[in-house]
Amino acid sequence: MISLDFVLLLVFNIFIIIFSLFIFQLFVYETVFDRKRKSFILLLLCTIVMLLCIIYPIKLYNEDFIFDLRQIPLIIAILYGGRRIGVTLFVILVIFRTYLGGLGAIVSFFENGTLLLFLTYSINYFRNVSINKKLIFISLTSILTCILPIVYYFLIVGTKGYLDFMIIQFYLFILQSLILLLSIYFIEVMISNKKLRDKLVQSEKTEMISHLAASISHEIRNPLTVAKGFVQLIKELGSEDPDREEYFRHALDELDRANSIITNYLSYAKPSIEKTQLFDVNEQLKSIVDIIKPYANLYSVVVLNKSESKFDIKGDSDKFKQIFINIIKNSIEAMKTGGILTIETLVNDNIINIIIKDIGQGMTNEQIRRLGQPYFSTKEKGTGLGLMVAYSLVKVMNGTIRVESQLNLGTTFIVSFPNNIN
Ligand code: ADP
Ligand code: MG
């Protein structure tokens with residue numbers, strides 16, 4: 001007979017496993033934590049889930065044997081966290097299970113030890129196959145987790161109570177396989193969603209780069225023409241002329257300017273590897289202004305960068321650039337007949353506010369509401385992806401975006417991030 005206790009414990013076990021997956025996705029996986037911190041939290045979560053599973057087991061066979069879903073966090077930790085996390089979790093399991101005592105502890109040691117060996121040697125295979133093959137692999141692993149304890153029980157305990165043990169083990173196997181398959185499927189969907197979003201961010205950036213390219217090449221021509229003029233002058237001057245020195249300096253300055261425009265642009269355009277670090281907001285804003293200035297000139301827009309003091313925030317500086325280039329580009333495009341674009345940073349209560357203000361066409365309330373939705377664009381050749389990407393990147397960096405706008409008067413974007421200096 002299935003008792004109420006049994007059902008409650010079963011539901012509880014399933015709940016903590018699924019719940020921890022959600023926690024991991026919401027608060028860890030999609031954030032700017034670095035790899036080390038993510039691995040640590042994965043280990044911590046798996047440890048908690050594993051211990052809870054053991055403390056509230058689904059069924060106690062006798063004092064010696066405990067049946068629960070502890071192997072699910074163990075398997076997930078090894079396959080997704082890697083060898084080191086797997087071994088650590090195994091050691092914690094062995095210590096805790098030995099502390100609880102009984103013959104079952106010995107069976108558990110050999111059983112999970114074998115599982116650990118099998119999985120650590122399969123990590124590379126597992127990580128490189130399609131989701132369908134992963135699910136097949138997991139089913140095979142489940143069969144292994146069913147057979148292993150039966151074999152070790154026979155070797156260590158003998159045939160006493162063997163049949164009962166096998167029957168319970170079989171039910172546990174079916175239960176565990178189902179929940180494990182569900183969990184792996186959830187994790188895979190979570191990973192592929194993130195990959196998809198990263199791809200979108202990347203392709204949107206490529207689009208942005210091609211937009212800016214025209215203005216950059218146009219902008220490069222000016223300093224080159226000026227430098228060429230000075231070089232010609234120098235050529236015509238006598239070698240003793242006192243002005244020579246000055247002309248040389250002008251020519252070099254112009255070449256430097258051309259160089260810095262190209263360098264900035266290329267540093268933005270190059271594909272980047274994801275890196276989370278503390279970076280100085282104003283340094284980044286300066287380089288963003290350098291990249292966007294040629295585009296502003298094209299629209300007769302003057303860019304005033306009023307931000308100065310040093311503030312640090314944590315994240316990927318390339319993504320940070322992408323956010324603000326997308327926002328600023330829109331502001332420039334909103335001022336079709338020219339105007340002033342102001343960039344300011346304000347800090348209060350550990351929050352850094354970066355304010356982008358234009359005096360352009362503004363938006364209706366309905367338009368403001370739709371900002372950040374994919375494909376929302378009022379432009380003839382707009383993609384409607386720029387702000388969607390900006391919003392999602394800001395969210396990943398734990399920031400928020402606020403928009404104030406009035407039709408025909410202008411728009412202000414206020415992007416806020418937690419200040420990491422304190
Ligand atoms: P796109 O620039 O390709 O149209 P975005 O996602 O960058 O796509 O912007 C979406 C829409 O939001 C724009 O088409 C525009 O209508 C509106 N918008 C964004 N920023 C501003 C702004 N500063 N002033 C007025 N409208 C804006
Ligand atoms: Mg845009």
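Residues are numbered from 1 along each chain as the sequence is written, while chains are lettered from A and ligands numbered from 1 in written order. Because the model is predicted, local features need pLDDT of at least 70 and side-chain atom pairs count only at pLDDT 80 or more, whereas totals for chains, interfaces and linings use all residues.

**Stop 1: the domains**

Colour residues 4-202 as domain 1, 214-269 as domain 2 and 277-418 as domain 3. These bounds come from an automatic or database domain assignment. Between the C-alpha centres of domain 1 and domain 2 the distance is 65 Å.

**Stop 2**

Select residues 4-29, helix H1, and residues 35-55, helix H2. Helices here are DSSP runs of H or I with at least four residues, strands are runs of E with at least two, and both are numbered from the N terminus. H1 and H2 pack at an angle of about 165°, and their axes are 10 Å apart. Axes are lines fitted to C-alpha atoms, for helices over the stretch in contact, and the angles run from 0 to 180 degrees between N-to-C directions. The two helices H1 and H2 are therefore roughly antiparallel; that word covers angles over 145 degrees, with under 35 counted as roughly parallel, 65 to 115 as roughly perpendicular and the rest as oblique. H1 and H2 cross in a right-handed way. A crossing is right-handed if the near helix is turned clockwise from the far one by less than a right angle, and left-handed if anticlockwise.

Now pick Asp34, in the loop between H1 and H2. Asp34 is partly exposed because it has 14 C-beta neighbours inside 10 Å. The cut-offs are 20 or more other C-beta atoms within 10 Å for buried, 12 or fewer for exposed, and anything in between for partly exposed, with C-beta atoms placed from the backbone.

**Stop 3: H7 and H8**

Move to helix H7, residues 131-156, and helix H8, residues 162-236. Their packing angle is about 155°, with the axes 9 Å apart. That makes H7 roughly antiparallel to H8. The crossing of this pair, H7 and H8, is right-handed. In the contact of H7 with H8 there are 17 nonpolar, six polar and two charged residues. For these classes, Ala, Val, Leu, Ile, Met, Phe, Trp, Tyr, Cys and Pro are nonpolar, Asp, Glu, Lys and Arg are charged, and the others, Gly among them, are polar.

Stay on H8 and select Ser215. Ser215 is buried, as 20 other C-beta atoms lie within 10 Å. From Ser215 to Ile234 is 19 residues in sequence and 30 Å in space, C-alpha to C-alpha.

**Stop 4: Leu252**

Select residues 243-269, helix H9, which holds Leu252. Leu252 counts as exposed because it has 12 C-beta neighbours inside 10 Å. Val231 is 21 residues from Leu252 along the chain, and their C-alpha atoms are 9.7 Å apart.

**Stop 5**

Glu308 sits in the loop between strand S4 (301-305) and strand S5 (312-315). With 10 C-beta neighbours inside 10 Å, Glu308 is exposed. The C-alpha atoms of Glu308 and Ile291 are separated by 18 Å, at 17 residues apart along the chain.

Next, show the loop between strand S6 (339-348) and strand S7 (351-358), where Asp349 lies. Asp349 is not a glycine, although its phi is positive, about 45°. Asp349 is exposed, with 6 C-beta neighbours inside 10 Å.

Then go to Tyr375, in the loop between helix H12 (365-370) and H13. Phi of Tyr375 is also positive, near 65°. Tyr375 has 10 other C-beta atoms within 10 Å and is exposed.

**Stop 6: ligand 1**

Finally, select ligand 1 and the 23 residues around it; Asn330, Ser377, Gly382, Gly386 and Leu387 come nearest. A residue is near a molecule or strand if its C-beta atom, placed from the backbone, lies within 6 Å of it. Helix H11 (317-334) and helix H13 (386-396) each give the shell at least two residues. The largest share, four residues, is from H11. By class, the shell has seven nonpolar, 14 polar and two charged residues.
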